[in-house]
Structure formats: C-alpha cells, structure tokens
Amino acid sequence: MTRTPITFVCSCEDTMALDGRAIARGCAGGAPRLAEQLCQSQLDRFLAALGEAPSAVTVACTAQAPLFRQEAEAAGFAGALDFVNLRETAGWSAEGRAAGPKMAALIAAAAVPMPATPLVPLESQGVTLVLGCDAVALAAAERLAATLDVTVLLDGREPVQPLRAADFPVARGRARAATGWLGGFEVVVDGHAMPRPSSRAAYEWGPRRDGALSRCDILLDLTGGAPLFPAGELRQGYLRADPADAAAVVRALVAAEGLVGRFEKPRFVTFDAGLCAHARNRRVACTRCLDLCPTGAITPSVAPSGVGVGNHVVISAEICAGCGACAAICPTGAASYALPPSTALARRLRTLLLTYREAGGEAPVLLVVDAVGEALVDALARQGDGLPARVLPLRVNEVSQLDLGLLLAGFAWGAARIRLLLPARRRHGVEGVLRNLDYAEAVLAGLAVPDQGAPRAAAIETDDPFTLGEALAALPRRGLPFPPATFHALGQGREVLRQAGRALAEGAERRDAVLPMPALAPFGVAEVATEGCTLCLACTMVCPTGAFTANPETPQLRFLEDACVQCGLCATTCPEKVITLAPRLNLAAEAAQLRVVKQEEPFCCERCAKPFGVKAQIDRVTRKLAETGHWMYRDGRQLALLRLCEDCRAFAATDAQMDPYAGPARPVAKTTEDWLREAERDAD
C-alpha cells in the first residue's frame, strides 16, 4: 500500500484566509486538510492522521511545533514530521487573501529533504586561563575556582594585593599571541614570572622570561585591551569582558562555568584541498577566502618540505563560525557550505519558485533571510502589514553563504528580484555575498535584462521591520521578460552557475553572449601573447583546474575557458610573462570546448626520427650556444647531441667516448722548482 503524505493548514482561529485550491498545488498528497484551531480543539484530527500511517506529515505551523512533536512521539509515529511557517510569512499580511500561491510554494519547499548536519566534537576539561590587569581578575578566578581549574595571568600594569591563600596559581605576563578553540587554546606569554613568596602589599615578581607557552580549554580575557583573536566574539571558548563593567564580567563568568564537558558544533564548510587554487610551486595566486575570513579559521598550508607555502589552504572546523564567506567566493568549489549543501538548497529554491508559478503567482521576489532576518519578518507580520503576497522568504543559516550560482539560478527559475536581508550594521563575512550581488547584476545587465529603475539583485540592510516592508512594497512588479527555466541543478556551485547563466542567455535570446565582468570574478579568459610564448608549458603544470593543458602528441598549448577560475597561477608562473587575465562570462558553446592557443612543428630526433621537442626552440638554443662560443660546445659533436632524443643522446655519447664533463686542455701547473730552473736557464 502506498503511503501518501498529509498536509495540515490551520487558519489560526480564522486570522488568515486560506485558498485551498491554490495551496493544493504545493501539497504532495493532494488537497490539504484545513483547520481553524488544530493545536487545541481540533488536535484529534492530527492524531487521527498519524494513525493512517502516512509517509510524512507537514503541519503549516511552527509556533506549536513542540506540541505536535510531543504528540507524534507519544503516538509512536515513525514517518517524517515537518513544519512550515505560513502565518508570519504569508497569512498575517495586508495581502493575505492573495497569498495562496505563496503558501503552496512554501509548503512544497519545506517538503524538500535536507541532509543531516555534519558535526565537529569539542571537549573541555575546564582548564581556564584568566587574563587580567587588576583585582577584578582575582575575584573572578575565586568564583570560578569552585568548578574550574583556574590560573590567573596578570599583566602587571596595576599593583594587586596578593591573595591570603594560594588556592590557584597567579603569574605575571603579557599574552603576545594565541591560537586554538574551546578545549585547545595555546597562549604565548612574554615577561612570564611567578610571584615572590614575600609579596606583601602588592605582588612582587621573580625572574621573567619570554616565549612561555600556556595551554587551556577556556580563555577568559578581562584585560580590557584589544581581543586576542580577529572577531573574538565568534571564537568558541574565548570570553571577553571589560573589567570596569561588572554586569559584563558576571555574564562572562556564567558562560565560562557552562563550558565543561563534550560539545558539538556544526561543520559549516566542507573543503576539498585538491580543488584549491591557492598556490603551486611556492607561488601564491588565489587568496579570496583568506582575505575575507573574519575569524582566522583559514590559513595557508605548509609545503611538504616544511619551507614555504603548500598548494592549498587549511580550514579549521573548530574555529569556523559559519559565515560562509569562503564558500560564497571560492572560484573552484574547493570550499562549499554544508548547512545545508548548496545542491540541497538549490533543490529547495527551485521548488519554491516553480511551485509559486504553477499555483498562479507572478513576478516573485525572493527574500533570503537567516535567523536575524526571520525575527524581523515576524515583527513585520505582528506589528505591520506583513510581507507582500509575492515576496517568497527563503530561510538559510547565513545570508552570507550564498554563492553566485544560487543567485543566477534564482533568476533563471523565475525570480523577478532577489533581496538579501542584512542587519543595518554589517556583520563579519558579508563582503563575499555583496560581491556576488554585483556579479549577478553585471550578468543581467550584460544580457540586456531591463531593471525598471531598481536593481534586480541587492541587499536590504535594516533593523526596522517597517523599513523592510516599505522597501519590498516599492519594488517594481514586472518580472523577467521571458518564462522561467525548469532545469535541475546538477553539480556544485560552478556547474550550477554555468547552467543558470546559459538558461538566462537562452531566455534573453543571447545564446552566444560574452559578458564583461568586474575584477575578481571567478571566470574569464587567460590571454596568451603567442609571439612571446615558447611552449614551455609551465602554465599547464600549475593550473589547478585543467584550463591550460598540453597535447601529449604534439607541441601544443590548449585552453578551456569554462574551467578558468582567474586564479592567476598561470600568469605568475609564466617565465616569459605573456599571460594576462580578463574576467568575463562566456555563455557561448565554444567556452566549453578546448581551444588551441599555440602550436608548433615538433622536432624529430636526427638519429631515430622520434619527435621529442619543439623545432623552433631546439634550433634557437643550438644557434645561441654556437654563437656564444662556450667551451662546452666548441666541439660540434656536443651541439649535435642536443638534436638527438634522450635515448639516442646517451648512445651517441657512449659510442664517441665523449665525456660530458670534459673541458678544454688546462695549462700545466708550475712549481717553485720549475720557476727556479727557468730562471737559471735564462741567466745562462
């Protein structure tokens, strides 16, 4: 027997209008089951539905989700139980009666399964280092000593009265640098000294030394100075408070007391080092993620030799705070967001937009929100006019995680506008997604898509729900001038970007469009000044994506534009400096085809006729060596060896009994006795 899913939609005591016919377009199991007070007087309907053993139950209410989960668990329900918020995002709106297509889209999108979140374990034994400058640090340590293993490090700026009893270690020193996370901090201390036992009115310190290393699980910073970490408030286990603010100190102490045990945090980013375009052969090229990471979670790897940088970066999952800036701007897809993966988010986005169209909606505006933006939408629904009926909210973990492929796919699937809801005060890590908005605007402008006086892709930066409502209501109501595409997003961000870009070009009837792009765009062409290229093929050996390749059969340099990420490794490696980068988006079919950049006639071994090099190069090298008159090549036989392949060269040298290290005859050395004899002969 086929188990069909069931969807419940409640009008919340008739405070919102329900268009059952439109909503049914988003329900996988057919028409929804409507209610007016499902969480109380009509709860029996929900319990009866559980007894039908459906494959899944979706309840269009998030306010009472704990109640429904509790009842489902008590009933032994083994299917999927999903929730979607229709009240604050659609029903509680001045345009609520027209929100049927939106409700259908939200229900359908909520049913798209999301993979489980990978987790990173953190473990803390409670070993705590308190950094301070005065008696506040000692008082804090005295409170924490009952539950934590505490050590105090005073920087010595202020005289501090010694403790009556040494219940915990107190030392002097200045934290010069720190690394690590909850359960694994390391602090480098300069001027480290222990107190003298005879300290009386104030601590007196013994001999000092620099470079001492302290390890701890929790780091409590009460110095009042600059934080030890970039974006220190995002570093788990690092607590910081102004010692002059008693309330802030108490909050930090309470937080520290709760940081003992085993914890789990999401693994926000997955990383494939093999795709990273950071460096090759000790030459650094792409630093996009390093430039934008706010927490210092990304660092260059070390070369296997231990000297210089490695080929890729390293992302610390323990430090990463999940802003997603690296995933938003990574040109190769080496860094990709995992909460959820972009492929799963793309499926939800496609379902949201296409279902809205199928249910009769027009010119949708996609509003991307995270937890902070969701609270603003809730306030607008409760205190204002709510979201307009054509505004479709898409909940993500962090707005700053969106890559360019998702933005272009949103337009290709029919979004008339895309707005990212951000706080008025910009948070860490949003620079990457703002850059992607500019790229999306450049693509649409290049395809001559009219904007009707407002950008198609932009951010709304506000903390005021009424300002949000006004900004959304003022958007032009005209959609894109062509119908939405229906393609399924295949592959990672870069592949989705290409699919979406070509779908937009198809709709705009610009199938062969070549669009200029702003600097740092992750696609373009690497131009080669062929007259200066010697076909050394150094560029092919460092290209991380295979955009530059060699032909194993003949001296030939080939280029695949679709694979170029504009990392710049080819340009920095080229010994002749004949490669320049030009960011652009080539949507023509030729961008997906190998193009021969330069080729030359191969040189064939003069003994066995096997091709082994480039004729022009070997002719030029032998000519220059002959002109220089270098002692190693005064003998024509040595020059002739250069025109043989590696196998024949060894045979010829052996047959001719040639010593490759032999030089011209050296003058005979004269001793003192030789000079004396010559002098005697001359005297005679």
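Trainee: What should I keep in mind about the model?

Mentor: It's predicted, so local features need pLDDT of at least 70 and side-chain atom pairs count only at pLDDT 80 or more, while totals for chains, interfaces and linings use all residues. Residues are numbered from 1 along each chain as its sequence is written, and side-chain values use heavy atoms, with hydrogens and water left out.

Trainee: How many disulfides does the structure hold?

Mentor: A disulfide is a pair of cysteine sulfur atoms within 2.5 Å. By that rule there are zero. Take Cys39: the nearest cysteine sulfur, in Cys61, is 6.3 Å away. For Cys289, the closest cysteine sulfur belongs to Cys276 at 6.2 Å, too far for a bond.

Trainee: Is Cys289 buried or exposed?

Mentor: Buried means under 20% relative accessible area, exposed over 50%, and partly exposed in between (1.4 Å probe, protein chains only). Cys289 has 15%, which makes it buried, whereas Cys39 has 22% and is partly exposed.

Trainee: At what angle do H6 and H7 cross?

Mentor: Axes are lines fitted to C-alpha atoms, for helices over the stretch in contact, and angles run from 0 to 180 degrees between N-to-C directions. Contact itself means heavy atoms within 4.5 Å. The axes of H6 (residues 135–144) and H7 (residues 246–257) come within 11 Å and cross at roughly 35 degrees. On the H6 side, the contact includes Val136, Ala140 and Leu144; H7 brings residues including Val250 and Leu253.

Trainee: Which residues have the most contacts inside the largest nonpolar core?

Mentor: In soluble globular proteins, nonpolar side chains tend to be buried together. A nonpolar core is a set of buried Ala, Val, Leu, Ile, Met, Phe, Trp, Tyr and Cys residues joined through side-chain atoms within 4.5 Å. The largest one here has 71 residues, and Leu402 and Leu447 have the most contacts inside it. Helix H13 (431–446) is among the elements supplying at least two residues, and H13 gives the most, with eight. Apart from this core lies another, of 29 residues, including Leu122 and Val249.

Definitions and conventions. Helices (H or I, at least four residues) and strands (E, at least two) are DSSP runs, numbered from the N terminus.
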